[in-house]
Amino acid sequence: MSGRPRERGFAAVESLLAVPVLLFVGLGAVQWALVHQARLALNLALHEAARAGSVLHAQPDAIRDGLARGLMPWLHGATDAAGHAQGLVRSRAHVAEAEARGWLRLERQSPTGASFADWAEPARDAFGEPIDGVREIPNDDLVHRATRAVPAGGIAGTRRGEPIGAASGQTLADANLLRLRMTYGVPLSVPVAGRLIAWALRAWHGCEVAAARTWGVLRLDAPPRGAPPDPDACAMLAPADGGPARLPVSGSATVRMQTPSRDAGAAVPLAALPQAGRGAPPRGPVGGTSPGAPEGSVRDPGVPDGMPG
């Protein structure tokens with residue numbers, strides 16, 4: 001009989017040691033699932049942005065609008081047409097807020113300024129009239145044009161019979177690929193697990209000198225400091241505005257242009273590229289809403305609907 005109380009005491013101690021570990025593993029699994037869901041949704045949205053840009057001259061406002069449409073199902077969802085219109089308004093506001101606060105970075109990696117230097121020619125509107133001050137990379141009849149066109153910057157060689165531009169290192173077919181890259185900060189919103197993950201990542205990215213932490217009976221040694229500080233990662237993991245820590249998730253998308261790319265731009269944020277207002281605007285409404293579309297209040301942009309705050 002005397003052994004049973006002792007066994008119960010051992011069981012209590014073992015439970016005290018095991019429960020925090022199991023709880024952290026469970027919460028960590030939930031956080032991983034949310035990040036994985038976000039990665040899938042962001043990849044889909046980025047491809048939607050690339051498709052939108054491919055049919056509207058790679059204009060930044062068209063790309064942003066495509067991104068907002070792609071993010072809407074993940075951020076807000078909808079069950080009817082009115083909910084879809086309202087969700088789209090809120091999604092556009094989310095994209096604008098995210099860019100302004102630094103936890104969304106969207107850049108056009110191709111075509112670059114060098115691509116335009118090699119392959120651009122004066123732009124023409126739908127009626128064949130020249131557009132003053134606007135250049136475009138032609139993409140009609142590429143099967144024949146790609147082998148006959150001569151890059152303005154000189155020929156650096158050939159690839160499959162197609163001349164390679166000296167400035168860009170691209171053929172005309174290469175210059176007609178729209179390549180986007182996006183980095184988005186996914187909020188680490190799960191209690192305990194999110195904070196511990198952010199703490200470890202801030203130390204790894206050199207954002208801070210981490211100290212050891214104690215959680216119940218567990219002592220977590222400070223993680224090793226990684227490479228020199230990464231300002232972009234630190235801006236998301238330790239936001240200056242006091243918002244939630246965010247895990248940078250990056251992705252890229254490449255599509256073939258369906259219209260000529262207009263206006264030069266290097267691999268820089270879209271905010272630095274010329275807008276469609278320069279020269280002739282793209283045909284059709286871009287970035288706007290239908291008349292009478294309901295206006296919705298913008299939810300905290302840090303946490304999509306359905307995600308723990």
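How exposed is D241, and why does it count as such? At 47% relative accessibility, D241 counts as partly exposed; buried means under 20% relative accessible area, exposed over 50%, and partly exposed in between (1.4 Å probe, protein chains only).

This is a predicted model: local features need pLDDT of at least 70, side-chain atom pairs count only at pLDDT 80 or more, and totals for chains, interfaces and linings use all residues. Residues are numbered from 1 along each chain as its sequence is written, and side-chain values use heavy atoms, with hydrogens and water left out.

**View 1. D241 in its loop.** D241 sits in the loop between α8 (231-237) and β9 (246-256). Helices (H or I, at least four residues) and strands (E, at least two) are DSSP runs, numbered from the N terminus. The C-alpha atoms of D241 and R101 are 8.4 Å apart. Along the chain, D241 and R101 are separated by 140 residues.

**View 2. The disulfide of C207 and C234.** The whole structure holds 1 disulfide (a pair of cysteine sulfur atoms within 2.5 Å). C207 and C234 form a disulfide with sulfur atoms 2.1 Å apart. The link of C207 and C234 is left-handed, with -95° about the S-S bond. C207 lies in the loop between α7 (193-204) and β7 (213-215) and C234 in helix α8, so the pair ties together parts 27 residues apart in sequence. C207 counts as partly exposed, at 25% relative accessibility. C234 counts as buried, at 14%.

View 3. A search of the whole structure finds 2 aromatic pairs. Rings of Phe, Tyr and Trp (its six-membered ring) pair if their centres lie within 6.5 Å; planes under 30 degrees apart count as stacked, over 60 as edge-to-face and the rest as tilted. W74 and Y184 pair edge-to-face, 5.9 Å centre to centre, with 70° between the planes. This pair links distant parts of the chain: W74 is in helix α2 (residues 60-75) and Y184 in strand β6 (residues 177-187), 110 residues apart. W103 and Y184 also form an edge-to-face pair, at 5.9 Å centre to centre and 85° between the planes. W103 lies in the loop between α3 (81-101) and β1 (104-110) and Y184 in strand β6, so the pair ties together parts 81 residues apart in sequence. W74 and Y184 are buried. W103 is buried too. R246 lies over the face of W103, 3.8 Å from the ring centre; such a charge has NZ of Lys or CZ of Arg within 6 Å of the ring centre and within 35 degrees of the ring normal.

**View 4. Salt bridges around E48.** The whole structure has 10 salt bridges, each a side-chain nitrogen of Lys or Arg within 4 Å of a carboxyl oxygen of Asp or Glu. E48 meets R51 in a salt bridge (3.1 Å, N to O). E48 and R51 are separated by about one helical turn, because they are 3 residues apart in helix α1. E48 also forms a salt bridge with R69, the closest N and O atoms being 3.5 Å apart. E48 lies in helix α1 and R69 in helix α2, so the pair ties together parts 21 residues apart in sequence.

**View 5. The salt bridge of R262 and E136.** The side chains of R262 and E136 meet at 3.0 Å, N to O. R262 lies in strand β10 (residues 261-262) and E136 in strand β3 (residues 130-137), so the pair ties together parts 126 residues apart in sequence. Both R262 and E136 are buried.
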